[in-house]
Amino acid sequence: MNVRQLDISRRSIALAAALIGTVSLAIGAHAALNMRALDAAKAVSTDQVTGSVGQTSRLALVIGNGHYPDASAPLTQSINDARALSSSLRKNGFDVDMVEDASKDDMVRAVNRLKSRIKGDTVVMLFFGGYGVQAGRESYMLPVDAVIWKESDVRRQGVSIEGLLNMMKEQGAKAKLVVVDASRRNPYERRFRSYSHGLAPIGTPDNALILSSASPGKVVDDSKGEHSTLVTELLNNLNAQGSSAESVFNKTRVAISRASEGDQVPTVSSSLLEDVHFDQAGG
C-alpha cells in the first residue's frame, strides 16, 4: 500500500468514526427525550391521583318511572322530576346515574353500578319517583314491567328501599340521602286482600336521611304542575347555599304541609352523625 492509499484509508476511518459518533448522540438524545416524556406522564398521573385523595365522592341514582302498562295514564311528573333533579344534583357535584321507565332488570343493573362505586368517603343520593307498594312491612319501588296480582309479586318484582339502604351501609357509604316520591294510589291496590295504602315506615340505618312524600300509610294525589309537589319544593330549597341536607329536607316538609293545609305531610327520618350539604361550598 502506497502513502496516498494509506492517507485515504485514515480519512475514511476518521469519517466513519465521526458518523458513528453523530448517530450515537442522536440515539442518546432521543432516549433522553423519551425518558423525560415518560417522567412527565408519570408526574401527571401522580398529580391526578394525589388530587383525588381526601375528596369526598358524591354519587346519585335517580329513577323516574312513568309508563306503567296497568295504569290508566302515565305519570309524566315522575320523568320530569327525575330530569330536573338530576340536573340540579350535577350542578352540585354529584355523579348522577339517571334511569327512566326502568324495568326490573334496569333497576337491578343500576343498583349494581352504584354498589360497585361506593367507597368509604362516598355520599350517596337515591331518588325514586313512580309507584311504590308496601309488603311485609317493607316499602318497594316498582319497575314499569311489574306484574302485580298478589303481595308476593311485590316482593319478587319490586326493589326494596330498605334492602338498598342496607347495601349502601354494607359498602361503607359515608352518608345516605334518600327521597321517595311514590306514595300514590296505584293500580294494584284492589288485587290482594292484605293491601295497605301508601308506604310502610322506612327503617333508617346509621348515618342516613330519608324524605318520603307522605306519612306512612297515606297516599297523595299528583298536582297539576310540571313537577310533583315534593320535587317542586325540594328544588326550591336544594340550592340554598350553606344549608345542610337535613335543613333542606325539613324545609321541604314544612313547605308542603303548609301549602296543602295539612293534607300532605311528608316524613323526614334522620340518623345523620354529621352535617351533609348538597352544595359543595357547604362541605
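A nonpolar core is taken here as a set of buried Ala, Val, Leu, Ile, Met, Phe, Trp, Tyr and Cys residues joined through side-chain atoms within 4.5 Å, where buried means under 20% relative accessible area (1.4 Å probe, protein chains only). The model is predicted, with local features needing pLDDT of at least 70 and side-chain atom pairs counting only at pLDDT 80 or more, while totals for chains, interfaces and linings use all residues. Residues are numbered from 1 along each chain as its sequence is written, and side-chain values use heavy atoms, leaving out hydrogens and water.

The largest nonpolar core holds 40 residues, of which Leu-61, Tyr-68, Leu-114, Ile-118, Leu-142 and Met-168 touch the most other members. Two or more residues come from each of strand 1, helix 3 (104-117), strand 3, strand 4 (132-135), strand 5 (138-141), helix 5 and strand 7; helices (H or I, at least four residues) and strands (E, at least two) are DSSP runs, numbered from the N terminus. Helix 5 is the biggest contributor to this core, with 5 residues. Beyond its neighbours within four places in sequence, Leu-142 is in contact with residues including Tyr-68, Met-107, Phe-128, Val-154 and Tyr-188, contact being heavy atoms within 4.5 Å. Another core, of 26 residues, lies apart from it and includes Phe-94, Leu-238, Ile-256 and Val-276.

Turning to the sheet, 6 strands form an open arrangement in the order 2-1-3-7-8-9, with mixed pairing; two strands pair if DSSP finds at least two bridges between them. Strand 2 and strand 9 (267-270) each have a single partner strand, so one side of each of these edge strands is left without a neighbour in the sheet. From one strand to the next, the twist averages 10°. Strand 3 and strand 7 pair in the parallel sense over 7 bridges, and Met-125 has Leu-177 in strand 7 as its bridge partner.

Helix 6 packs on the sheet, touching strand 3, strand 7 and strand 8, and its direction makes about 140° with that of strand 7. Helix 5 (residues 161-170) lies across strand 3, strand 7 and strand 8 (208-212), running at about 165° to strand 7. For these angles, axes are lines fitted to C-alpha atoms, for helices over the stretch in contact, and values run from 0 to 180 degrees between N-to-C directions.

Helix 2 (residues 76-91) also has buried residues, among them Ile-79, Ala-82, Leu-85 and Leu-89. Their cover includes strand 1 (58-64), strand 2 (95-100), strand 3 (123-129), strand 7 (175-181) and helix 6 (229-238). Just after helix 2, Gly-93 adopts a positive phi of about 90°.

Conventions: Buried means under 20% relative accessible area, exposed over 50%, partly exposed in between (1.4 Å probe, protein chains only).
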